[in-house]
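Let's take a walk through a protein chain together.

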Amino acid sequence: MAKKIMAMVDRLSDLPEPILIHILSMLPEGKDVVRSSVLSKRWRFLWRYVPISLDFSFPEDTYLGLPESGELEILDFVNSTHRELLYWRSGQKIRKFNVVVNFSVPERFDKDIDLWVYFAIKKADVEDFTLECLSGYKLPHFAFKSPSLRNLNLQYCKLKLEPSVNVNWSNLVSLSVGHVKLTEGVMRKILSGCPNLECLLLDFIWGFDRLEISNVKLKKLTINSYETSDCDVWLEILAPHIQNLELLGYSSGIRLRNVAALVTAFFRIDFQFDFGEVDRSEKNEISCLKELLHSIAHVKNLELSHWCIKCMSTLALEGFQCQPSSSRFLKLHTNNEELDLPGICSFIQNSSNIETLIIDWHHQDRGYLYAYYFKDKERQIRTFETHKFNCPLLHLKTIKFINLVGPLSVNKFVLPLVKYLLENAIVLEKFDVAARCKEIDVRLDQIRIEQELLSFPRSSSHASVTFSNQRSLPPLLLHQSQHA
């Protein structure tokens, strides 16, 4: 056996050095890479050229919450990390360096974290660096200068800069900052010090109300939860070069001033709801959404959350016409609720350029919250149902309904929407309906649905409709309609 292994090593040793380094880079553990040096003279120093990743994460189940035991666990973690870094100080290329301390560390350990940051940024010249420290560790000034960093993720880290200190992350491509108070001045310095930045993620941030991004290469901006103590203060964004925008989580209000280059927008955002001032909160939410939709009317790809649909339903029932949209791809998340239908129909009517429409009927119980917005449900829905849709969908080719809860026979409020789409999509090619229900319900439902859907007139003679259960059954292909 030993002879066979050595023969294999000899054959591998004949390969070019770049291939050998690539083979070593596929080993899961860095220390296994080092152990390869004993195979032969050819392999003795190859390990030094293999980029590795270091990950130091404090185990969540080791901290007992008691002062004495907690201190010992922290000390063990700190000493263990120091030993590991001492082991890797030899100069082997370290590409990724992650430090995650998921609890509050006493301030006296900040100097130890300083050493880890110094090792990663100044000694190892890492390209990818993640630092997450719940204690609110203050990032030292030397860390704001690094030509090697390409991907940086800072969570719960205080970012404070003296007037004389500037940022120099000249090769940084991706930056993620979260759970921290930021000032407009700090953000300005960070952005000016990242000329090659392409992606920016701000996750649960507060402390400023204006974000101006002039970086030409920055194409993607993601904001996940913007906090403010004053509901009347909105975050103003000026970003003329970004092409992809995601607004997620909870926010008090966001205003887009200049996003002229935007191509794709994804709004999975829930506006903060003040149950003490319901009417005022509703007005703020609707006002914010109206402004947002007006600012992104030119985008080609648009995705809206159930909360956006809720606000649009309120507007539709009050007779408000949505801003015409140029979107070609439209995905709407809704709550499998009849009350969402006005918002869906209203927005589709004002999106005459769409080519692909996806409606995700994901169920999420909003409970008593809806009572505030639809105080007279029956009257409003009756009024909406008398409205005649007459907007042709000249470019719509693909429609998908996904995550519909239960068979269509118990979701009859969806059928008027299906009928409208079939009647007005004159170049429709495919309509997929995927429900989530018990198999027996699907089998009983198939014949009824087939008959009902086939009775709907269609503008496109080439349209096919498929109905499937996302849990088990293969899709049921309904015959093409002969209606032209």
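Which residue in strand 11 does Leu238 stand opposite? Find Leu238 and look across to strand 11: the residue standing opposite is Asn258. Before going further, keep in mind that this is a predicted model.

Strand 9, which covers residues 235-238, pairs with strand 11 in the parallel sense, and four bridges link the two. Zoom out a bit and you'll see an open sheet of three strands, in the order 7-9-11, with parallel pairing. Strand 7 (210-212) and strand 11 (254-258) are at the edges; each has a single partner strand, so one side of each is left without a neighbour in the sheet. On average, neighbouring strands here are turned by 15° against each other, if you ignore direction.

Now step back to the loop between strand 8 (220-226) and strand 9, where you'll find Trp234. Is Trp234 buried or exposed? Its relative accessible area is 10%, and buried means under 20%, so Trp234 counts as buried. What does Trp234 touch? Leaving aside neighbours within four places in sequence, its contacts include Asp209, Tyr226, Ser252, Ile254, Arg255 and Cys288. Gly253 is one of the contacts too. Trp234 and Gly253 sit 19 residues apart in sequence, but their C-alpha atoms are 4.5 Å apart in space.

Once you leave aside neighbours within four places in sequence, Ser295 is in contact with Leu256 and Val259.

Let's move on to a pair of helices. Two packed helices are described by the angle between their axes and the distance between the axes. For helix 9 (residues 341-349) and helix 12 (residues 415-424), the axes come within 11 Å and cross at roughly 10°. Angles under 35 degrees count as roughly parallel, so helix 9 is roughly parallel to helix 12. Who meets whom? On the helix 9 side you have Leu341, Ile344, Cys345, Ile348 and Gln349, and they meet Leu417, Tyr420 and Leu421 in helix 12. Helix 12 is mostly covered, with seven of its 10 residues buried. Leu417, Tyr420 and Leu421 are among the buried ones, and so are Leu415, Val418, Leu422 and Asn424.

Cys157 is buried, with a relative accessible area of 2%, whereas Cys199 is partly exposed at 30%.

Finally, take in the whole chain. Its secondary structure comes to 13 helices and 19 strands. Of the 484 residues in the chain, 49% are buried. The chain exposes about 23,800 Å², and carbon and sulfur atoms supply 53% of that area. Among contacts in the chain with a separation of 6 or more, 65% are between residues 24 or more positions apart.

How values were computed. Residues numbered from 1 in each chain as written. Predicted model: local features only at pLDDT ≥ 70, side-chain atom pairs only at ≥ 80, totals over all residues. Heavy atoms only, no water. Pairing = 2+ DSSP bridges. Axes fitted to C-alpha atoms, helices over the stretch in contact; angles between N-to-C directions. Buried < 20%, exposed > 50% of the residue type's maximum accessible area, 1.4 Å probe, protein only. Contact = heavy atoms within 4.5 Å. Areas by Shrake-Rupley, 256 points an atom, 1.4 Å probe, with all protein chains shown as cover. Parallel < 35°, antiparallel > 145°, perpendicular 65-115°, else oblique.
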